[in-house]
Amino acid sequence: MTDIRELLLSRIRDVADYPEPGVMFKDITPLLADPAAFTALTDALAEIAQRAGATKVVGLEARGFILGAPVAVRAGLGFIPVRKAGKLPGATLAQAYDLEYGSAEIEVHAEDLTAEDRVLVVDDVLATGGTAEASVQLIRRAGAEVAGLAVLMELGFLSGRARLEPALNGAPLEALLTV
């Protein structure tokens, strides 16, 4: 696992003062552009999905789509997008959550998840955990079981794990990298 961590870290670019002064943005586009690194990431996340006994992968808008869809294909599972409010046609379930300043809402098609599903949530970064926590609540409201949460990178200094662990209720939270 050390080799994959080194590979992934070597393909993540730090961008200072983005999107605002004082923020060090972790840009994953160089990783996505490198077929070996992207394949290694996809394989590692697919292995987590299989180990968790997932039947579906949920990807969180927007980079969670980029990571989650190939993970679902690699693991032989269905893929479900969780979108920002108003982006999905038809009947949806919505979940509101708080942001640092204000609030937001995410949605999923209610019929895409059933009581037979074990869902692995996939995203690129775990920061404060607000969106991930809302997705866990949304999956449970849809009647499915949360098999776990897997992310490329956890920003440990933002304490998202502490916020998420009660919501996960024993389901695993796996980060390939912690910075």
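A residue counts as buried under 20% relative accessible area, as exposed over 50%, and as partly exposed in between, with a 1.4 Å probe and protein chains only. By that scale arginine 118 is partly exposed, with a relative accessible area of 24%. This is a predicted model, in which local features need pLDDT of at least 70 and side-chain atom pairs count only at pLDDT 80 or more, while totals for chains, interfaces and linings use all residues. Residues are numbered from 1 along each chain as its sequence is written, and side-chain values use heavy atoms, with hydrogens and water left out.

**Overall build**

- The protein contains 6 helices and 9 strands; these are DSSP runs numbered from the N terminus, with helices (H or I) of at least four residues and strands (E) of at least two.
- The radius of gyration is 16 Å, close to the 16 Å that the globule rule gives for 179 residues, so the protein is as compact as a globular protein of that length. The radius is taken over C-alpha atoms, and the globule rule is 2.2 Å times the number of residues to the power 0.38.
- The C-alpha trace spans about 40 × 40 × 30 Å along the principal axes of the protein.
- Of the 179 residues, 44% count as buried.
- Among contacts (heavy atoms within 4.5 Å) with a separation of 6 or more, residues 24 or more positions apart account for 62%.
- The accessible surface comes to about 8,600 Å², and carbon and sulfur atoms hold 53% of that area. Accessible areas come from the Shrake-Rupley method with a 1.4 Å probe.

**Charges and salt bridges**

- The protein has 16 positive and 25 negative charges, and their mean positions are 1 Å apart. Lys and Arg count as positive and Asp and Glu as negative, whereas His and the chain ends are not counted; each charge is placed at NZ of Lys, CZ of Arg, CG of Asp or CD of Glu.
- Side chains of opposite charge can pair when their charged atoms come close.
- The count of salt bridges is 13, where a salt bridge is a side-chain nitrogen of Lys or Arg within 4 Å of a carboxyl oxygen of Asp or Glu.
- Aspartate 27 and arginine 13 form one of these, with their closest N and O atoms 2.5 Å apart. The pair links distant parts of the chain, 14 residues apart: aspartate 27 belongs to strand E2 (residues 24-27) and arginine 13 to strand E1 (residues 13-16). Aspartate 27 is buried at 10% relative accessibility, whereas arginine 13 is partly exposed at 43%.
- Glutamate 145 pairs with arginine 118 in a salt bridge whose closest N and O atoms are 2.5 Å apart. This pair joins strand E8 (residues 145-154), which holds glutamate 145, to strand E7 (residues 118-126), which holds arginine 118, across 27 residues of the chain. Glutamate 145 is partly exposed at 40% relative accessibility.
- Glutamate 133 forms a salt bridge with arginine 163, the closest N and O atoms being 2.8 Å apart. Here the link runs between helix H5 (residues 130-141), the place of glutamate 133, and helix H6 (residues 160-168), the place of arginine 163, 30 residues apart. Glutamate 133 is buried, with a relative accessible area of 18%, and arginine 163 is partly exposed at 31%.
- Glu47, Arg51 and Glu174 are linked in a network of salt bridges.

- Serine 135 lies in helix H5 and is buried, at 0% relative accessibility. Apart from neighbours within four places in sequence, serine 135 is in contact with Leu60, Ile106 and Val121.
- Valine 119, in strand E7, is buried with a relative accessible area of 0%. Beyond neighbours within four places in sequence, the contacts of valine 119 include Lys56, Val58, Ile139, Glu145 and Gly148. Valine 119 and glycine 148 are 29 residues apart in sequence, and their C-alpha atoms are 6.9 Å apart in space.

**Backbone features in loops**

- Tyrosine 18 and proline 19 are joined by a cis peptide bond, with omega about 5°; proline 19 is in the loop between E1 and E2.
- A cis peptide bond also joins glutamate 61 and alanine 62, with omega about 0°. Alanine 62 sits in the loop between strand E3 (56-60) and helix H4 (63-75).
- Aspartate 17, in the loop between E1 and E2, has a positive phi near 60° in a residue other than glycine, and is partly exposed at 48% relative accessibility.
- Asparagine 169 has a positive phi near 50°, again in a residue other than glycine. Asparagine 169 is in the loop between H6 and strand E9 (173-178) and counts as exposed at 65% relative accessibility.
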